[in-house]
There are 2 protein chains.
Amino acid sequence: MPSKYIIGIDLGGTNLKIALLDLSCRIKKKHILNTSSFIRKKSLIRAISDSVLKIMDDSGLKKRQILGIGMGLPGPIDADRGVVHFFPNIPGWMEVGLKKIIEKKLSIPVFMDNDANLMALAEYKLGAARGSKIAVCLTLGTGVGGGLIFEGRLFRGSSFAAGEIGHMPINEKGPECNCGGIGCLESYIGNRRIMQLAQKIFKRQVSLEELSRLAKNNNKKAVKIWEKVGSQLGIALVQVVNLLNPDCIVIGGGVANAGRILFDSVEETILSRAMIVQAKAVRVVKAKLGNDAGMIGASLLVKSKIWS
Amino acid sequence: MPSKYIIGIDLGGTNLKIALLDLSCRIKKKHILNTSSFIRKKSLIRAISDSVLKIMDDSGLKKRQILGIGMGLPGPIDADRGVVHFFPNIPGWMEVGLKKIIEKKLSIPVFMDNDANLMALAEYKLGAARGSKIAVCLTLGTGVGGGLIFEGRLFRGSSFAAGEIGHMPINEKGPECNCGGIGCLESYIGNRRIMQLAQKIFKRQVSLEELSRLAKNNNKKAVKIWEKVGSQLGIALVQVVNLLNPDCIVIGGGVANAGRILFDSVEETILSRAMIVQAKAVRVVKAKLGNDAGMIGASLLVKSKIWS
């Protein structure tokens with residue numbers, strides 16, 4: 001009997017990542033495409049199905065050897081029906097029945113969820129949140145995504161939209177956010193906002209990588225920027241900690257690479273501002289699975305759906 | 001065979017309420033004592049056990065007819081071990097093994113939880129949140145308490161401290177809160193803060209009842225105060241709505257009696273500031289069980305523990 005595999009897909013505003021994984025969720029092969037090179041919805045859908053066929057073909061696999069396709073998607077979706085409500089950062093998607101479209105094209109079962117949810121699932125099962133009871137996972141990038149794992153299960157809310165930590169307001173008044181809200185965390189610490197702040201302070205363009213390097217070399221301006229980011233993130237996490245009393249907070253995404261200086265500022269804010277029982281109960285850790293977390297989480301989703 | 005009953009206790013900073021309930025959680029008899037007349041810990045514990053014996057005696061009931069005693073307590077506790085960590089508004093309680101003390105005195109099983117959790121349980125099973133999937137319940141009084149019911153079960157967090165909506169900061173900078181935090185919701189809309197605001201605006205003492213009455217008669221100053229309270233409460237609820245995607249938010253406690261003007265302002269804030277999918281999914285309703293919710297919730301706790 002030929003062995004079985006899973007396809008894990010992580011669609012982002014920047015990259016379309018497709019992996020072939022074995023049943024232990026180890027990545028055997030992966031392809032990365034540029035999302036923005038597929039301008040129309042149709043061409044992006046074709047790129048997804050072509051990539052699935054290509055990665056199977058490259059490995060000499062037949063359809064019956066694929067347990068299922070898992071997809072992490074960057075926006076609000078109906079996970080049960082497999083419908084994309086919309087993608088904030090990819091234009092042209094409104095109420096798209098993506099599950100049915102791909103299943104019809106490929107005759108392989110398709111399951112989908114929010115990308116941050118799948119990252120959280122991966123970190124819980126195989127990464128930094130293993131063994132925790134109440135886990136809160138964040139990805140800090142262009143957007144600030146979040147996923148909640150309560151007692152081993154993804155918490156999706158009443159309409160699959162839970163976990164939007166990036167859109168918890170940290171001030172009554174504040175910058176307008178893309179989501180329509182005011183003073184959302186993302187409007188303070190999204191990639192672009194940090195880079196805007198750095199440009200204002202350094203009077204030139206500074207990449208996040210350089211900003212992290214500068215801070216590690218004790219550049220005072222850079223240190224101050226990361227401390228500010230950490231304290232703003234910390235305030236949103238005080239909200240989360242007092243509300244949910246988690247034992248583990250996992251922080252991933254590019255911005256998390258700022259490292260110790262960011263994490264110290266987050267922890268200091270939680271310890272000084274959260275309630276004592278909740279603050280003592282929680283540890284804040286860096287994500288372990290890096291850029292693969294989405295694809296690994298997508299494969300875990302397939303396993304949980306097929307074998308539930 | 002004699003029928004069985006449950007004792008439900010709701011201990012607050014102001015009142016100690018004790019009820020005898022039947023197995024359908026209907027209150028058959030209740031006593032209300034003034035908490036502050038028992039200054040020492042020992043005398044408050046004796047008042048609790050004496051009241052239990054008295055309510056049984058008044059009804060001619062034997063111990064074997066009491067299924068158990070449920071207690072709602074106003075502070076962080078270890079619900080499994082039955083230990084009170086402390087009460088913010090009743091001095092002298094630190095790490096008290098209250099469950100064991102009462103069980104030893106009375107030889108009846110004792111179960112306990114946070115008072116806001118039990119109010120939430122009662123509103124979910126028998127009140128305004130019936131049938132909801134993800135319910136968030138608030139009590140607005142001297143303090144602002146909260147309880148979370150996810151898919152029919154109380155969500156207690158990793159160390160029984162979840163649900164502290166009153167201590168979610170709504171501003172980075174803001175008033176210092178009793179909990180040690182900064183800018184917590186409670187430090188804006190706790191009873192005393194609303195009355196302070198009213199005194200400043202009316203240049204005299206105004207009770208909450210009067211403030212509600214004035215607003216209902218279209219007094220502009222009073223209307224403005226309630227709109228402000230509603231919008232601050234609304235911002236904390238935008239945090240909760242974007243994070244948890246609830247389908248029902250129940251608001252109870254004295255402050256909720258301000259009625260339509262408060263609820264309209266809360267709803268307007270959620271609709272204008274929360275994410276669209278989450279804002280559409282949630283209804284905001286007034287609590288149904290009033291001052292009895294804590295005792296009813298305590299009796300539900302006993303049933304769930306004895307019959308689990």
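**Two helices in contact**

Reply: In chain A, the H1(A) residues A:Ile45, A:Ile48, A:Ser49 and A:Val52 meet A:Ile101, A:Ile102, A:Lys105 and A:Leu106 of H2(A), where two residues are in contact if their C-beta atoms, placed from the backbone, lie within 7 Å. Helices (H or I, at least four residues) and strands (E, at least two) are DSSP runs, numbered from the N terminus.

Me: Which classes do the residues of the contact of H1(A) with H2(A) divide into?

Reply: They divide into six nonpolar, one polar and one charged; Ala, Val, Leu, Ile, Met, Phe, Trp, Tyr, Cys and Pro count as nonpolar, Asp, Glu, Lys and Arg as charged, and the others, Gly among them, as polar.

Me: Before going on, what kind of model is this, and how are things numbered?

Reply: This is a predicted model, in which local features need pLDDT of at least 70 and side-chain atom pairs count only at pLDDT 80 or more, while totals for chains, interfaces and linings use all residues. Residues are numbered from 1 along each chain as its sequence is written, and chains are lettered from A and ligands numbered from 1 in the order in which they are written.

Me: Back to those helices: at what angle do helix H1 and helix H2 of chain A pack?

Reply: Helix H1 (residues 41–58) and helix H2 (residues 98–106) of chain A pack at about 45°, and their axes are 11 Å apart. Axes here are lines fitted to C-alpha atoms, for helices over the stretch in contact, and angles run from 0 to 180 degrees between N-to-C directions. H1(A) and H2(A) are therefore oblique to each other, since angles under 35 degrees count as roughly parallel, over 145 as roughly antiparallel, 65 to 115 as roughly perpendicular and the rest as oblique.

Me: How do H3(A) and H10(A) lie to each other?

Reply: The axes of helix H3 (residues 115–126) and helix H10 (residues 293–306) of chain A come within 7 Å and cross at roughly 80°, and the two helices are therefore roughly perpendicular to each other. Among the residues that meet are A:Leu118, A:Leu121 and A:Ala122 in H3(A) and A:Ile296, A:Leu300 and A:Leu301 in H10(A). By class, this contact has 10 nonpolar, two polar and three charged residues.

Me: Let's zoom out. How many helices and strands has chain A?

Reply: Chain A has 10 helices and 13 strands, and its C-alpha atoms fill a box of roughly 60 × 45 × 35 Å along the principal axes. Of its 308 residues, 53% count as buried, where a residue is buried if 20 or more other C-beta atoms lie within 10 Å of its own, exposed if 12 or fewer, and partly exposed in between, with C-beta atoms placed from the backbone. Among contacts between residues at least 6 apart in sequence, 63% join residues at least 24 apart.

Me: Which residues does A:Ile6 touch?

Reply: A:Ile6 is in strand S1 (residues 5–11) of chain A and is buried, with 25 other C-beta atoms within 10 Å. Not counting residues up to four places away in sequence, A:Ile6 touches A:Leu21, A:Leu23, A:Leu67, A:Gly68, A:Gly70, A:Ser299 and A:Val302. The C-alpha atoms of A:Ile6 and A:Cys25, 19 residues apart along the chain, are separated by 7.9 Å.

Me: And chain B, where is B:Leu300?

Reply: B:Leu300 is in helix H10 (residues 293–306) of chain B and is buried, with 22 other C-beta atoms within 10 Å. B:Leu300 touches B:Cys25, B:Leu121, B:Ala122 and B:Lys125, not counting residues up to four places away in sequence.

Me: How many residues of chain A are in contact with chain B?

Reply: There are 37 residues of chain A in contact with 37 residues of chain B. H7(A) gives the most to the side of chain A that touches chain B, with seven residues, and by class that side has 20 nonpolar, 12 polar and five charged residues.

Me: One last topic: what is phi of A:Asn245?

Reply: Phi of A:Asn245 is near 50°, a positive value in a residue other than glycine. Most residues other than glycine have a negative phi. A:Asn245 is in the loop between helix H7 (220–244) and strand S12 (248–252) of chain A, and is buried, with 28 other C-beta atoms within 10 Å.
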